[in-house]
Every structure is written in structure tokens, then in C-alpha cells.
Amino acid sequence: MNIPALRGSRIIGFGHHQPDRILTNDELSTMVDTNDEWITTRTGIKTRHIAGPDDSVTSMATEAARNALADAGLAPTDVDLVVVASTTHRDRSPYTAGRVAAALGMSNGPAPIDINTACSGFEYAMAMADQAIRTGSADTALVIGSETLSRIADWTDRSTCVLVGDGAGAAVLGVSDEPQISSVSWGSVPHLQDAVRVTHDPEIFQQEGRSIYRWAITEAEGHARAVVERAGLTLDDIGVFAFHQANLRIIEPLVTALGGEGKYVVRDVVESGNTSAASVPLGLSKAWHRGELPEGVPALLFGFGGGFAHAGQVVMTPTRQR
């Protein structure tokens with residue numbers, strides 16, 4: 001068999017897209033029994049973007065991917081693998097990844113994969129793309145997280161509707177002589193399988209907030225440390241912390257437990273809310289395009305939530321062409 005020598009992959013571009021409509025805490029207070037202080041104290045969220053009639057998982061994924069390709073300086077036909085992570089896909093087939101490829105004019109016919117592990121979806125998708133490049137099955141991959149959680153929210157339940165937001169984030173992966181994306185550390189928590197769920201008929205997002213918070217403050221730290229150990233690094237080596245943007249009350253204690261004070265921490269939850277599989281790439285891309293994300297440093301990515309699945313890897317942030 002012709003088995004290529006193992007190689008590595010690296011991130012060469014970021015892109016994102018969010019709907020135009022911004023829903024503030026004050027506006028939410030006219031819809032349910034809540035107020036800005038209550039939401040901010042319990043979640044850290046100030047605003048969230050809400051999909052309009054013309055926004056969909058596919059359309060937002062396409063725009064995020066288009067922006068990521070422009071950032072990487074590549075054409076759509078340079079891509080031979082598209083992986084889309086989402087828990088709010090509207091159709092089972094045709095799959096979103098294929099529709100994104102068609103919308104971008106990828107006439108070369110890249111391999112399309114849809115994945116649904118909810119809030120850890122981007123990290124699972126990143127692992128699949130990285131492994132495909134390592135083994136020679138792909139040379140250039142688009143990895144996208146895209147969600148329209150607002151369409152499955154219960155807008156009468158203040159414990160969940162204040163959390164959700166919509167958007168998409170994307171990363172372009174290319175071949176690297178030296179691996180710049182570590183092997184993934186992933187798993188699940190069987191006893192929390194129903195703690196975050198999207199049910200059908202009616203299609204609605206529900207969660208057991210206390211159970212999730214308890215796991216996050218007692219067990220998430222150990223799993224995040226395992227990601228860094230799998231990468232052969234120490235926490236002192238990490239320059240960026242990019243966790244699933246579920247709740248600032250979860251992110252901040254986790255960063256403290258990992259000794260992340262003084263490091264760059266993605267806190268996009270404040271302006272975007274919880275965007276599930278989109279949250280990590282969305283936050284990274286926005287920080288990158290604002291010029292805030294440190295270049296060429298190890299970043300710890302860690303997602304957890306619906307299912308109840310978790311996953312993470314350490315990636316080197318890109319370096320700008322000068």
C-alpha cells in the first residue's frame with residue numbers, strides 16, 4: 001500500500017460571519033421576566049446576534065468560509081475537504097458541507113463532512129481535518145462551526161433564551177512540515193448525556209444549568225490539562241485560552257484554575273452569547289481580525305456541552321504575512 005509519511009497541519013486563515021440583528025439584554029427584558037443586571041451577573045452576556053429570514057447555517061458558514069479563504073490567500077478550488085460542525089442543521093441531506101462547497105464554487109468536488117457533537121463540534125471537526133491532512137487524505141481543509149440557536153430557543157424560558165446567539169466561524173488548515181495542531185483529547189460524560197439537549201417535535205433547546213456548571217467547575221479543568229499534556233506542553237507554554245463560550249461564569253474560573261491570568265482569553269460570549277459549535281472559531285476569528293490574537297503562540301482550544309461530549313487540542317496561532 002502507498003502510505004504517505006505522516007506530516008502535520010497548521011491554521012493559515014480565519015473568518016467569521018454574524019447576522020446583522022443585535023439583541024440586547026434590555027430588549028430581552030421586554031420579552032421575558034429578566035433584566036440586564038440579572039443576565040450580566042449570571043452569564044456575562046451583554047448582546048447576541050440573531051438570525052434574520054435570510055440567515056441560515058449554510059449561508060453563515062459560507063460567508064465565514066469565504067472570509068477565511070480570503071485571509072489565507074486561497075481560492076475555493078484549493079480546498080479538498082470541507083467539515084461543518086453544527087447542531088442546528090435544517091436538512092440531513094444534502095449536507096451543509098456540500099452546500100457550502102457548491103455555494104463557494106468548488107468545482108473540484110472536495111470531500112464534504114457534516115458533524116454534530118454540539119458545543120464541542122468545532123474541536124471534533126478540527127481533529128478530523130487535521131488527521132486527514134496528516135495521513136495525506138487532504139492538503140487543504142475548511143473547518144467551520146455554524147449555528148442558528150435562536151431558532152430552537154424557548155423564548156419564554158429566561159434561563160435559556162438569554163444565552164443563545166447565532167453566527168459562524170471558520171479556519172483554513174494547510175500542510176505543515178512540523179505539526180502545529182496537536183492530537184485531539186476527546187471523550188464524553190455518559191451520566192450528563194441529557195444535560196444539554198435539542199429535542200424534536202417540538203424542536204427546542206433545553207439544558208440543566210446546575211449540572212453543567214457543577215461539571216465545569218469540578219471536572220473541566222482536568223480535561224483541559226489533559227489536552228495540554230497530550231500536546232507535550234505545559235500550561236506555562238499556552239499563550240491563548242479559547243474555551244466554548246457557554247457562560248463567562250464558567251470561563252473565568254476555568255482560566256484561573258489553569259493559571260491563565262495574564263494570557264489572552266477569548267471572551268466573545270459577552271457580545272455574541274452561546275453559539276455552540278461556532279463559539280470557539282467565531283471568537284478566535286474576531287480576535288484575529290481585530291489584531292488582538294497573539295501570533296505564533298500555542299492556543300488551548302476546549303469545547304464541551306451537548307451530548308455530553310468534550311474535546312480539545314493545542315494549535316499554533318497563525319503568523320501574519322509581512
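Predicted model: local features only at pLDDT ≥ 70, side-chain atom pairs only at ≥ 80, totals over all residues.
Visitor: Where do I start with a sheet, and in what order do the strands stand here?

Guide: Start with the general idea: strands of a sheet pair through backbone hydrogen bonds, either parallel or antiparallel. In this structure, five strands form an open sheet in the order β1-β7-β6-β4-β5, and the pairing is mixed. Strands β1 (8–17) and β5 (111–115) are at the edges with a single partner strand each, so one side of each has no neighbour in the sheet. On average, neighbouring strands are turned by 20° against each other, direction ignored.

Visitor: In which sense do β6 and β7 pair?

Guide: Strand β6 (residues 140–148) runs antiparallel to strand β7 (residues 166–176), and nine bridges join the two. To follow the pairing by eye, find E147, which is opposite G167 in β7, and then G145, which faces G169 of β7.

Visitor: And in which sense does β4 pair with β6?

Guide: Here the pairing is parallel: β4 (residues 81–85) and β6 share five bridges. One of the pairs to look for is L81 with A141 in β6.

Visitor: Are the residues of β6 buried or exposed?

Guide: Nine of the nine residues of β6 are buried. Check both faces: T140, L142, I144, S146 and T148 are buried on one side, and A141, V143, G145 and E147 are buried on the other.

Visitor: Which strands does helix α3 touch?

Guide: Helix α3 (residues 57–72) packs on the sheet and touches β1, β6 and β7, with its direction at about 125° to that of β1. Helix α11 (residues 279–289) also lies across β1, β6 and β7, and runs at about 85° to β1.

Definitions and conventions
Residues numbered from 1 in each chain as written. Heavy atoms only, no water. Pairing = 2+ DSSP bridges. Helix = DSSP H or I, 4+ residues; strand = E, 2+ residues; numbered from the N terminus. Axes fitted to C-alpha atoms, helices over the stretch in contact; angles between N-to-C directions. Contact = heavy atoms within 4.5 Å. Buried < 20%, exposed > 50% of the residue type's maximum accessible area, 1.4 Å probe, protein only.
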